[in-house]
Amino acid sequence: MIKPLIIARREYFSLVATKGFLIGLVIMPVMMMGGIVIARFVEKQTDVGTRTIAVVDGTDWLFDALKSSAEARNAALVDPETGKPSAASYALTRISGPAPDDAARLALSDEVRAKKYHAFLEIPPAIASGLQPPTGDPSSAPRVSISYYAENAALSDVRDWFERTIGTLVTGRRFQEAGVAPRVVQWANAAPPVVPVSLLTRTPDGSIQAAEPVDRLTAIFLPMGVMMLMFMTVFMSAQPALETALEEKQFRIADVLLGTANAFEIMLGKLLGGVAGSITILVVYLCVGFLAARHFDVVDRIPFHILPMFLVFQILAVMFVSSIFMAIGASSNSLKEAQGLLMPVWLLIMVPFFTWMNVVREPTGSLAMGLSFFPPSAPMIMALRLAAMGEVPVWEVALSIAIVLAATYLCVVAAARVFRIAMLSQGNTPTFAQLIRWAVRG
Amino acid sequence: MADPVLRIERVRKCFGAHVAVDDLDFQLAPGTICGFIGPNGSGKTTTLRMVLNIIRPDAGTIELLGSRARSTVLSKVGYLPEERGLYRKMRVADVLRFFADLKGVARPRAVIDEWLQRLDLTAWARRKVEALSKGMSQKVQFIAAVIGNPELLILDEPFSGLDPVNRDALRKIVVDLRSAGVTVIFSTHDMPVAEMMCDTICMIHRGKKVLDGSLAEIQGRFAEDTIRLRADGDIAFYRSLPGVNEVNAYGPYAELRLAASADPRRILRALADHGTVHQFEITHPSLHDIFVRIAGPVPDTGSDGQPSAARGVHDS
C-alpha cells in the first residue's frame, strides 16, 4: 500500500473510531438547528395566565367593542378537549373619569409597575371624530394615535393585538359611516394569490411533466439545510485534522513521519482520510434524513438529483479547508493559538452564512454567481444554488469546479510547505505574514 | 574501508542569520556505532533531519546508503526521536502496525509480536499509548524505529527514561543489531554510555565538527593531563596540590586536571603524606571532560578562534 493510503487509513480510523465522532454526529445538527427547535419550544411555553389591561376610553363605543373582541379571542384559545387555553387571556378594565392628565397616567404607570395591570391603553376622544370621511384630501387629514403604556411596550404581543383589533373596529366603523357594506369591502380587498410553482419539464418518454406547487418554507429551508449539511461534513473532518497536526507537532510524531514520507505524501494521506471521514458523515446524515423523511412522508422533497454534484463540491471543500486547518495546526503550539490563527479563515468560510438568504432568493444573481467562483465560498454556495434552482448551468458548475480544484491544489501544496516547516519549528507561533511567506517560498 | 553508509560533504544549513550547520564533513562506516555528541543547539538535530531528508541543506551533499536521492532509501532507515513520537490515542499494536506499513514490512503482525515479546510488552499490545509509562513508551518507540529492519538506525537519546534493567536490554539489542550489520548513529549527552558503546565519536559544536574518530584517537589528541584517583582527601586539599588546575570530585573518586608544568610525582607524594592512596592513574581526559573542555562556558578564544579549552589538543 502506498504511503498516502496508509496515512489516510490511520487518519480515517482516528476520525471515525472514537466516541467524540459519535457524539459529534449528534451534537453538530443540534448546534446548527438547535436555535430553531428551541425557539419553537419556547414559543409553546408561553404564559397562559390572565393579563389585565386598563383602558382609558375617550370614545363612547370602542371599549365595549374591544372587550367583546377580547372575550371572543379568549374563548377561541381554549382547547375544546382539555379545556385549557393555549395562550394568555386578556381582561379589559375600563378606567372611568375625565380625560387623564400626567398625574393620572403616572398613577396608572405605578399600578402597572405594581403588577395590578399588565398595561394601560389610552384612547383619545379624537378617534371618534376621525370616523367621518374627510371633506378635503384624505392624506392631509390629521392622524390620531392611541397610546399603549407598558414595561415592554414595543415588543408586546398585547399591543399587536390591540393594533389589529382597533384597526379592524375603526375601519369597519368608518365603512359603516360612509354607507359601504363590510362584505363589499372584504370582497374588493380579496386579491388573487400568486402561487409559486416549479418549471415544467419533459420526461424521458417525451411527455410534459406538469408544474408542481412549491412550498415557500421548503424553498428557503431546504437549501439552507443542504448548506448546513456540507458545513457539518467539512467542519467535522477539518477540525480533527487540525487537532491531529497539532498532536503530531507537540509529540514529535512529525519527525518520525517526515523521516518516512515527504510532506506532500503526508498531507495527501491526511486529506484522503478526511475525505473518507466526511463521506461517512454524509452517508450517516443522509440515511437518518431519508428515514425521517419517509416517516413524515416527504421523501419526494429530498433533492436526490443534486447528490453527485454535492459530493464533488464536498470533497473539494474538505480538501481545501482541511489543508488550511492542518497548516495552521502545524504552526501552533496549542489549540488556543490555533484558534487565533483560524479567525481570518473562519471569516472566509462563513461567507455563505452571511449571504445565504440573498443567494436563495436570487440564485442566478450576480452575488450568487460571484461567490460561486470564489474558492472559500464556492462549494457551499453551489450547494445552496443547486438546492434552490434544481439545476445550475453546466458551464457555471464546470467553471466553479475548475476554480476550486485549482485553488485546492495550490492550497494543498502551500499547506504542505507550511506543514513541513512549521512542524519542526519550536517556540513562538508564526505570524500570518510568516505563514504566507512559508507557503510561497517553501 | 567499505563504502560509507552515510557521507556528508561540506553541508551547510542556515536559519535566517543563524548558521546551524557549518561546512560539515562526515563519513560513517557500515556496521559501526557512532556517538553523535554535542551541546544543546550545536546542530545535531538539524544534521540528523537533513540526513533524513526532513529539511534540505543550503549547500553540500548528503549521500545516504549510497544514494543522493535520500527519499528513495528512507524505508531502510530507522529513526528514534528523543522522547514521545507516538500517537497517544492509538493502541500499541496499531501504532506499530502503522509504522510497519509505512516501512513496507512484510508480515507485520508476526514482526510486531516478536518485538513486543522481546521487550516484554506483549501484555500491553492492546493498551493505548497514553496508558504507558515513560519507559514503556520509550521501548514502543524503539520498536517503531527498528521494526522496518533498517540498515541505518538513528537513535536520539535512546536510553533516557529507562530503568537500569530496560537500559541494559536496549543496549544489548543495539549491540546485537550492530553485530547483525546495522549501522547506528547515536545522539546522546550520556558520555559514559557513548564511551562504552560507540566505535567512533563525532562531536559538533556551534555547527562545526570539532571531534571525529575512535575514542582512543580522540583521547590521544589530548595530553595525559588528568589524574584519576581514590584517596583520603577533600576538594580543598586536592585544590591545594601543586600544579592542579581543576578538580572534579565524584564521591570517593576525583579527577584532577593538571597544568602543563605540573609534576605528577610531587602530587602523588603529597597525597601519600596526607593519607592512604587507593588508586592513582595518570590518563587522558574522559570523553565527558573533553566534551566540557570544548563546549564549556569559556569566553576567551585563542588566535585560531577555537575555544581555549581545546588548546590542550596535541598534534598526533
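Hi everyone, let me start with chain B, whose secondary structure comes to 10 helices and 13 strands; helices (H or I, at least four residues) and strands (E, at least two) are DSSP runs, numbered from the N terminus. A word on conventions: this is a predicted model, where local features need pLDDT of at least 70 and side-chain atom pairs count only at pLDDT 80 or more, while totals for chains, interfaces and linings use all residues. Residues are numbered from 1 along each chain as its sequence is written, chains are lettered from A and ligands numbered from 1 in the order in which they are written, and side-chain values use heavy atoms, with hydrogens and water left out.

First, the overall layout of chain B. Its C-alpha atoms fill a box of roughly 70 × 45 × 35 Å along the principal axes. Chain B has 316 residues, and 50% of them count as buried, meaning under 20% relative accessible area, with exposed over 50% and partly exposed in between (1.4 Å probe, protein chains only). The domain assignment gives domain 1 (6–219) and domain 2 (223–283); such bounds come from an automatic or database assignment. The C-alpha centres of these two domains of chain B lie 39 Å apart.

Now to a sheet in chain B. Four strands make an open sheet in the order S11-S12-S10-S13, with antiparallel pairing; two strands pair if DSSP finds at least two bridges between them. Which strands stand at the edges? They are S11 (244–250) and S13 (277–283) of chain B, each with a single partner strand, so one side of each has no neighbour in the sheet. From one strand to the next, the twist averages 20°. Inside the sheet, S10 (residues 226–231) and S12 (residues 253–258) of chain B pair in the antiparallel sense over five bridges, and Arg230(B) stands opposite Tyr253(B) in S12(B).

Two helices lie across these strands. Helix H9 (residues 264–274) of chain B lies across S10, S11, S12 and S13 of chain B, at about 170° to S13(B). Helix H10 (residues 287–295) of chain B lies across S10, S11 and S12 of chain B, at about 45° to S12(B). Contact here means heavy atoms within 4.5 Å; axes are lines fitted to C-alpha atoms, for helices over the stretch in contact, and angles run from 0 to 180 degrees between N-to-C directions.

On to the aromatic rings. The whole structure holds 17 aromatic pairs over all chains; rings of Phe, Tyr and Trp (its six-membered ring) pair if their centres lie within 6.5 Å, and planes under 30 degrees apart count as stacked, over 60 as edge-to-face and the rest as tilted. Take Tyr90(A) and Trp161(A): their ring centres are 5.4 Å apart and their planes at 70°, so this pair is edge-to-face. Tyr90(A) sits in strand S2 (residues 89–94) of chain A and Trp161(A) in helix H6 (residues 157–178) of chain A, 71 residues apart. Tyr90(A) is buried at a relative accessible area of 6%, and Trp161(A) is buried at 7%.

Phe231(A) and Phe353(A) are also edge-to-face, at 5.0 Å centre to centre and 80° between the planes. Ring pairs link Phe231(A), Phe235(A), Phe325(A), Trp346(A) and Phe353(A) into a cluster.

Last, charges over rings (NZ of Lys or CZ of Arg within 6 Å of the ring centre and within 35 degrees of the ring normal). The charged end of Arg73(A) sits over the ring of Tyr90(A), 3.7 Å from its centre. Arg10(A) lies over the face of Tyr87(B), 3.5 Å from the ring centre.
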